Amino acid sequence: AELFFNPKKARVAIVSCGGLCPGMNSIIKNLVTILYQGYGVSKVYGIQGGYRGFTSKDWDEPLELDNDAVEYMHHIGGTVLGTSRGGFDIEKIVSWLQVHHVDQLYVIGGDGTHRGAYKISEECHNRGLRISVAGIPKTIDNDIGLIDRSFGFMTAVSEATRAIAAARVEATCNKPNGIGIVKLMGRSAGFLAAYATLASQDVDLCLVPEIPIVLHGPHGILSHIDHVLEQKGHAVIVVAEGAGEELLGESTQTDAGGNRLLPPIGEFLTKQIKQHFQESNREATVKYIDPSYMVRSVPADASDSYMCMTLAHAAAHGCMAGFTGFTVGLINNRTVMVPIPALAKSSPRSMNANGRTWERVQAITGQPNPTCSPDCTPSPHPPPYK
């Protein structure tokens, strides 16, 4: 097979954008390794601080990456290149690539970052520049469409179960009526909360953005918590950060990346539970744990590290073949290349409220289903604890 680029003359740039996720350094390391050792490229730039690194004079100069620089990078959490939100300036970014004679750009980020990457590829085409642009999907929420899962997600699930275990210890040791609440990331999708619930097997109530929260009534969460405490003497609750907007309302404020700021569901839930027990003159000890940034800042585990290697290699092979405006991911457990517009169109995705994953969560927790149709008669309480 013929290569579109002459590897010996090729110059490459790598940039990481958005929030942190386990495995970002593994992606960077494997890109550098395959490009240097596999293809023998002449130079690899590491752009610091996300898209802003192309345009801001306040950032340091781009790093020059080689095999020695990335040898142990995969053992470190976060991204050695740094990251940021916002700062996308198409004119300045493409001009930077042109001035530095870059032939290939690898962009690590979520669906918004990918939309920016596709704009870069189109602008390069419009200017007649032979620059390949490849994306590598990254999201702690696992809400990027089409692909089976994103790199680092299962590492985050594993790390989240440690927080749930801590909540269980707090709940069981604080008597009477110990309650542990864990808030996990999940802006518009509850995959992390759901998978951590299924993996830990210790959760009595899981709240996600896709399922509305009902506080009161026979199928409300407060009634469910009461029943769990009667049976077990303690309760463990997991709540995704994006849950409960039907109760708290949507914020009108956004961050630098254009994402809406989320209402404080964890604090709200803690307050409501305490108030519920105070109104009935009962004792309860409620412990609230927010491990959000601990979950996403760890290095990738063995499985995700392997996945990072396959994705990085696929992106490099695609660029060397001359493809552009594409991304890579697992689909039906196969590493494939996908046009960025197809990925962006299907993102962000949400968990199916009537799907198998949520059915499994309900089977584990025994929690009521507030979205059940009128002709079904769900049990308002879980089976007796044994």
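The model is predicted: local features need pLDDT of at least 70, side-chain atom pairs count only at pLDDT 80 or more, and totals for chains, interfaces and linings use all residues. Residues are numbered from 1 along each chain as its sequence is written, and side-chain values use heavy atoms, without hydrogens and water.

H8 spans residues 221–232 and H10 residues 265–279. Helices (H or I, at least four residues) and strands (E, at least two) are DSSP runs, numbered from the N terminus. The two helices pack at about 65 degrees, with axes 11 Å apart. Axes are lines fitted to C-alpha atoms, for helices over the stretch in contact; angles run from 0 to 180 degrees between N-to-C directions. H8 contributes Ile221, Leu222, Ile225, Asp226 and Leu229, which meet Leu269, Gln272, Ile273, His276 and Phe277 in H10. Contact means heavy atoms within 4.5 Å. The residues of this contact comprise seven nonpolar, two polar and one charged. Here Ala, Val, Leu, Ile, Met, Phe, Trp, Tyr, Cys and Pro count as nonpolar, Asp, Glu, Lys and Arg as charged, and the others, Gly among them, as polar.

Six aromatic pairs are present in the structure. Rings of Phe, Tyr and Trp (its six-membered ring) pair if their centres lie within 6.5 Å; planes under 30 degrees apart are stacked, over 60 edge-to-face, the rest tilted. Phe153 and Tyr195 pair edge-to-face, at 5.3 Å centre to centre and 75 degrees between the planes. This pair links distant parts of the chain, 42 residues apart: Phe153 belongs to H6 (residues 153–173) and Tyr195 to H7 (residues 191–200). Phe153 is buried at 1% relative accessibility; Tyr195 is partly exposed at 30%. Buried means under 20% relative accessible area, exposed over 50%, and partly exposed in between (1.4 Å probe, protein chains only). Phe323 and Phe326 also pair edge-to-face, at 6.4 Å and 75 degrees. Phe323 is partly exposed at 46%, while Phe326 is buried at 5%. Tyr45, Phe54 and Trp96 form one aromatic cluster.

Ser16 lies in strand S1 (residues 11–16). Ser16 is buried, with a relative accessible area of 0%. Beyond its neighbours within four places in sequence, Ser16 contacts Met24, Gly50, Thr79, Leu81, Gly82, Thr83 and Ile108. The C-alpha atoms of Ser16 and Leu81 are separated by 6.9 Å, with the two residues 65 apart along the chain.
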